[in-house]
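Subject: Structure for you to look over

Dear colleague,

I am handing over the structure below, together with some notes on its backbone. Please have it open while you read.

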Amino acid sequence: MSSYEVAPGDNVHAGDPVKVDRYTTAARINHWITAVSLVLLAISGLALFHPSLYFLTGLFGGGSMTRILHPWIGVVLFFSFMGLFFRFWKLNLWRRTDSVWMSRLRDVLTGQDENLPEIGKYNAGQKMVFWSMSILILVLIGSGLVIWQQYFSQYTSVEQQRIAVLVHAVAAILAICVWIVHVYAAIWVRGTLSAMTRGQVTGGWAWRHHRRWLKDLVSGKSNKKPNATPAE
Amino acid sequence: MFPPIPNPTTQATPPKFGDADLIRKSASNITPAAKRQTEVAKLIDVSKCIGCKACQVACLEWNNLVEDVGVNVGVYDNPHDLTPNTWTLMRYTEYDNPESGNLEWLIRKDGCMHCEDPGCLKACPAPGAIVQYSNGIVDFVKENCIGCGYCVKGCPFNIPRISKVDHKAYKCTLCSDRIAVGQGPACQKACPTQAIVFGTKDEMKKWADLRIKDLKERGFKNAGLYDPPGVNGTHVMYVLQHADKPQIYAGLPNNPTISPIVELWKGMTKYAGLAAIGAFAAFGFLHHVVSGPNRVSDEDERNAKRLTEGQSR
């Protein structure tokens, strides 16, 4: 069971080309709520972070509105991401093949997937994006509450708020960098975006990048699992 | 007695300083005013204060502020802390002097110190919400304030307060509107003992020297001027009987500076952060240009087909 690499809802459809269900409708809606929140948070946060980006507050209806909206969008992001976390955490647990994959980062970056081990639903890069986002969002909501002046300023000392505002800024920058990696990887590896738009990828994409996942799906291991949806 | 500032005429007077005299403006790059006006300062002589709170009342009066009715918890401080309406506050300390054995009443008029290097202004993200005039006055511009509370984190003296009503930051203006027409601040005008005097910073330092000499003659051997160098001096200064221990005056900081955390946040982090984001984006762009897209080949699709048909049918 430990090598089982399939999530509920994953499915293979024979045909030409083969189609593979990767994300359910609920997972995709959950993802896009998170994505939109994160982008809005990055824009409004950067606007208050660097004076030369202050003009971005115009998108939110001015400085005061940006200050009002940013934390609330943060709350949306936190709960939305929590949904993603509980959907995806299990298949993002680190495995030995992930370390092998990481040690061949050169082959990853040059697109020589044939030199890489067979990967389950997520590769080491995706897992690192997943876990770093999980940690960073936890840090961001925690430090964000401390500096949410309107409702929470009375519960902490000014010195604690100073630390929180610095931690918040650093964590946000790291989160934006991780987000760039995430988005760029989805663009660079062609055929990936459809997983999050229509929920499907082609069999060839799965074969090339997540062969273990495809093989597990095809061999129908999910039938052995209680409460699992029939795969084929 | 320090010569009092004469009463104003009834004629309208043009303001002596304005936007052309700014030397700092929050979240903005400005060219500081070429010629600096004479620096002004308010000198608060704690040894002369009788704790009458006339300054507090005058501040409310002049600035048209109303404070809520408070609760008596057995101390003279009223209200208990600075608020969005109380921009200046008498803080009472009963000090048991271990050397003389006397009980001393230290009454410090708390409020904005108008730092030469203002932490609030450094922390503020809203362009023009905090400004510093060339005469040294640090002022909040309400229309530009967004209520984020960053000034609270930047201030080494814990002065700004955010209103729960309009969510904007408030603090002492040093009565910039009065000073602009040649008057002293309202608190100074109201003080019955000249514990508060106002003039140019040089005048105030000279006057303080006389006061310190007097105090020393009367046995306060550590009397001195509080004009902390950590913030490049302030435009509100204290004469303290015990200048070696400012903290006994209701927690007046010993050596106030802008917190290194705030300096890091508004310094390194700001530039390194944007550079890191730019570097990641640039790496992505270059990688795509050099490596090209990672495409699925026809052979991949054929392999997938073979796998699916071989095992699932």
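In which loop of chain A is the place of A:Pro17? In this predicted model, A:Pro17 sits in the loop that runs between β1 (11-13) and β2 (19-21) of chain A, and the peptide bond that joins A:Asp16 to A:Pro17 is cis, with an omega of about 0°.

Chain B has a cis peptide bond as well, in this case between B:Asn78 and B:Pro79, where omega is about -5°. The loop that holds B:Pro79 lies between α1 (54-62) and β3 (88-96) of chain B. As background for reading these entries and the ones that follow, most peptide bonds are trans, and most residues other than glycine have a negative phi.

Two residues of chain B deserve a look for their phi angles. B:His167, although not a glycine, has a positive phi of about 55°, and its position is in the loop between β7 (161-162) and β8 (169-170) of chain B. B:His167 is classed as partly exposed because 18 other C-beta atoms lie within 10 Å, whereas a buried residue would need 20 or more.

B:Gln194 is likewise not a glycine and has a positive phi of about 55°; this residue belongs to the loop between α5 (186-190) and β9 (196-200) of chain B. With 15 C-beta neighbours inside 10 Å, B:Gln194 is also counted as partly exposed, since the exposed class requires 12 or fewer.

Notes
Residues numbered from 1 in each chain as written. Chains lettered and ligands numbered in written order. Predicted model: local features only at pLDDT ≥ 70, side-chain atom pairs only at ≥ 80, totals over all residues. Helix = DSSP H or I, 4+ residues; strand = E, 2+ residues; numbered from the N terminus.
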